[in-house]
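Subject: The structure, and what was found in it

Dear colleague,

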Amino acid sequence: MVPGEKPLDYAMRLAREKARAIHQKHAADLILGADTIVIAENEVLGKPRNAADAARMLRLLSGRSHRVITGVCLTGPQQSGKDFEDARAETTEVFVRSLSDGEIASYVASGEPMDKAGAYAIQGRASRWIPKIVGCYFNVVGLPVPLVATMLREYGYDTGMLHRG
């Protein structure tokens, strides 16, 4: 993050940078760039650097809520042929029950949190710790599919290609 940058702006900037980098090489294609961040106690939690960092993040999330923000950038040709770039974001609030040190240690030892922003996968073993979310579940998984579908429709693309499988 650059100094003074808000988390929402940070997520959207990362998504734009990813989309633009690919668009430069594939200008005729429709490109989707996305980046998900977790914010807890005013700290942006990326992917943990190691097991100790994962445990630290999980302790920070334990017993409170946090926000998950995914920036999405869609770029490419519209059906009319004119190029476009559209960046938007989805925010979801996630509530985590209080976790014991043993639960955290066992989860970290499983390896699941090591490549996840915020050190957890809502669709995995950590699901048992999440009693409530407010917002889009798919956003927490990593891609807010309803938002992406809306964006695609607005630019004339068929959303039948979007499915989980």
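A residue is called buried when its relative accessible area is under 20%, exposed when that area is over 50%, and partly exposed in between, with a 1.4 Å probe and protein chains only. Please bear in mind that this is a predicted model, in which local features need pLDDT of at least 70 and side-chain atom pairs count only at pLDDT 80 or more, while totals for chains, interfaces and linings use all residues. Residues are numbered from 1 along each chain as its sequence is written, and side-chain values use heavy atoms, with hydrogens and water left out.

The chain as a whole

The protein chain has five helices and five strands, where helices (H or I, at least four residues) and strands (E, at least two) are DSSP runs numbered from the N terminus. Read from the N terminus on, these elements follow the order α-β-β-α-β-β-α-β-α-α. Along the principal axes, the C-alpha atoms of the protein chain fill a box of roughly 55 × 35 × 25 Å, and of its 165 residues 42% count as buried. If contact is taken to mean heavy atoms within 4.5 Å, then, among the contacts in the protein chain with a separation of 6 or more, 66% are between residues 24 or more positions apart.

The nonpolar cores

In soluble globular proteins, nonpolar side chains tend to be buried together. A nonpolar core is a set of buried Ala, Val, Leu, Ile, Met, Phe, Trp, Tyr and Cys residues joined through side-chain atoms within 4.5 Å. The largest one here has 25 residues, and those with the most contacts inside it are Leu58 and Tyr120. Strand 1, helix 2 and helix 3 (101-110) each supply at least two residues of this core, and the largest share, six residues, comes from helix 2. Apart from this core lies another, of nine residues, including Val72, Leu147, Val148 and Tyr155. As for tyrosine 120, its contacts, leaving aside neighbours within four places in sequence, include Leu58, Leu61, Tyr107 and Ile130.

The salt bridges

How many salt bridges does the structure hold? There are 13 salt bridges, each being a side-chain nitrogen of Lys or Arg within 4 Å of a carboxyl oxygen of Asp or Glu. One of them joins the side chains of arginine 64 and glutamate 41, at 3.2 Å from N to O. Arginine 64 lies in the loop between helix 2 (51-61) and strand 3 (65-77), and glutamate 41 in the loop between strand 1 (31-40) and strand 2 (43-45), so the pair ties together parts that are 23 residues apart in sequence. Arginine 64 is partly exposed, with a relative accessible area of 33%, whereas glutamate 41 is exposed, at 54%.

Another salt bridge is formed by arginine 56 and aspartate 53, whose closest N and O atoms are 3.0 Å apart; the two are three residues apart in helix 2, and are therefore separated by about one helical turn. Arginine 56 is partly exposed, at 29% relative accessible area, but aspartate 53 is buried, at 3%. Both belong to a network of salt bridges that links Glu43, Arg49, Asp53 and Arg56.

Finally, arginine 13 and glutamate 5 meet through their side chains in a salt bridge of 2.8 Å, N to O. Here arginine 13 is partly exposed, at 24% relative accessibility, and glutamate 5 is buried, at 14%.

With best wishes
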